[in-house]
Amino acid sequence: MKIKEDLLFTKKFLFFLIIVIAFVVFFHRLGEAPLSGDGIGYGQIAKEMTITGDYLTPYHDGVPVFYTSKPPLIYWMMVVSGKVFGFNNFSAKLPSAILAFLSVIIMFLFISRYWNYITAFFTSIILIFTQQYLHHGRSCITDGPFATFFILAVISFWIAANEKKFICYYLMSLFIGLAIMTKQASGLLIYFVIFGYIILSKDRATLKNIHLYISFILVPIIVLPWHIAMYQKFGMEFVQEYFCSTVNNIQGWGNGSPGKINYNISTGQYNLFSGWYVYFQQVINNYWPWFPLLVYGLYKKLKNIKIIIRENLKKDIFVLCWVLIPFILFQIASKKNGNYLNPLYPAFALICAEVLSSFSQKTVRIIMKIFIIVSISVSTLFICFPIVSKTIDAQKLTDPVKLIPTLNTIDKNEKIIIRQDDWFVFSSMFLFYADRGNITVTDNEFEDKIEEEKKYYFASYKDDFMTTLLDKYKDRIKILAETKRTILFTN
């Protein structure tokens, strides 16, 4: 029994356990839930890149679009996955799942080296079972991959600065470049973390290191070619649509007008908030059961901040910079989005793990046993039941996607009439899952089409407007498919 217990606490066993659990949690039933609202658009852009053979220009229904304000790295990763597995839920999410899986492994190895493997184990388990991090790791939007590149960049910097492995400065800049190519200007946050650490730790040697500055050349080498190519091809239309959303700190949306690039910007369809409490609310609501550990860990560090800086406790300074600098910048911004917290969760997990590791050896072993038993049990439940795919995975399209089987029975040459308010979700969903184009119209035009003698096919959410039409034209409308929230019909 003693031998078996000792085996549980070895680095090799814990590392193996982390690999197995992370693999199960991030990959099992990955393709069951449909894509997210944004993700379905990204998936369709990747699909059209493959169809057209133009891997630089993002097309949506044949129209070049930059309303997502996202560089193409997320599309390129989905193109590779789609070519191997076909364009479906699984292939679209696979790149994010792979990167999330690797991020957990990298965190374990990094913390094992610079803290200890017990803290690394706690960190990894906490990160795996952080709701929002898990959600983004099983989605096909940019927040998951961006978090991984963020982790790789700051870790590369730490190794370069503290072990004098100057090649890591170049790796740092490589990952900053990839972060920018994933989520545009958000990648610049990494510079604030790095220089915040250099200043607070009074690391003059790093500040004077020529390799740090030479490595910065890598970033424009990675980032500029695609941006220059798009500017040369589309000029100011690209600049206005792609960059305006970043300048205004909002997400860019096009109106789906065919035949041109549209750079109108609207926040009405995107879940943005401006209240000062948004990020605090996000953590309080979603960071369970780890929230008390995070509060206590941060309290201890902030209480001792003068000692940490005076005695130059570099690990504490590094973690605090990773957490506080982006958080403060997010807080200052006028528009707030809970997804932005994703790259902070690895540092949150480390703070929580430090608290758990600070107990007595006997208590730590008891906690480790609990973590091992619970994580194995939860992973087993994930295998046996569709818990994650029915809860944490995106559910926005679960209802609308039920229209697709009926849609596939309609002549492929028929385009579906949809309303402008439904454009982004319906257009992307019909294209991605059924290769079906659409005609987007205003609400008034939508009603006019119903009244015409020519036969059309229509799809809509069942909002107040649609409910009124269903009642008004009940003798004219033939319902083909109906779900709880959506309807497919003909006139």
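Which residues touch the most other members of the largest nonpolar core? Select Phe26, Phe121, Phe122 and Tyr287, which hold that place in a core of 151 residues. A nonpolar core here is a set of buried Ala, Val, Leu, Ile, Met, Phe, Trp, Tyr and Cys residues joined through side-chain atoms within 4.5 Å. Buried means under 20% relative accessible area, exposed over 50%, and partly exposed in between, with a 1.4 Å probe and protein chains only.

Before moving on, note that this is a predicted model: local features need pLDDT of at least 70, side-chain atom pairs count only at pLDDT 80 or more, and totals for chains, interfaces and linings use all residues. Residues are numbered from 1 along each chain as its sequence is written, and side-chain values use heavy atoms, with hydrogens and water left out.

**Stop 1**

Now color helix 8 (residues 143-163). Helices (H or I, at least four residues) and strands (E, at least two) are DSSP runs, numbered from the N terminus.

Zoom in on Phe122. Beyond its neighbours within four places in sequence, Phe122 is in contact (heavy atoms within 4.5 Å) with Ala353, Leu356, Ser357, Val364, Ile367, Met368 and Phe371. Then select Ile417, Tyr456, Met466 and Leu469. They are among the 13 residues of a second, separate core.

**Stop 2: two helices**

Show helix 2 (residues 11-27) and helix 20 (residues 361-384). Their axes come within 10 Å and cross at roughly 30°. Axes are lines fitted to C-alpha atoms, for helices over the stretch in contact, and angles run from 0 to 180 degrees between N-to-C directions. The two helices are therefore roughly parallel to each other. Angles under 35 degrees count as roughly parallel, over 145 as roughly antiparallel, 65 to 115 as roughly perpendicular and the rest as oblique.

From helix 2, Phe13, Leu14, Leu17, Ile21, Val24 and Val25 meet Met368, Ile372, Ser375, Ile376, Ser379, Phe382 and Ile383 of helix 20.

**Stop 3: the sheet**

In what order do the five strands of the open sheet stand? The order is 4-3-5-7-6, with mixed pairing. Two strands pair if DSSP finds at least two bridges between them. Strand 4 (438-441) and strand 6 (478-482) are at the edges; each has a single partner strand, so one side of each lacks a neighbour in the sheet. From one strand to the next, the twist averages 30°.

Select strand 5 (residues 457-461) and strand 7 (residues 486-490). They pair in the antiparallel sense over five bridges. Ser460 has Ile487 of strand 7 as its bridge partner. Next, show helix 23 (residues 423-434). Helix 23 packs on the sheet and touches strand 3 (416-419), strand 4, strand 5 and strand 7. Helix 24 (residues 443-451) also packs on the sheet, and its direction makes about 140° with that of strand 5.

Stay on strand 7. Five of its five residues are buried, so strand 7 is largely enclosed by the rest of the structure. Thr486, Leu488 and Thr490 point one way, while Ile487 and Phe489 point the other. Strand 6 pairs with strand 7 over four antiparallel bridges, and a hairpin joins the two through three residues. Ile479 stands opposite Phe489.

**Last stop: Asn162**

Return to helix 8 and pick Asn162. Is Asn162 buried or partly exposed? At 26% relative accessibility, Asn162 counts as partly exposed. Asn162 touches Tyr197 and Lys314, leaving out residues up to four places away in sequence.
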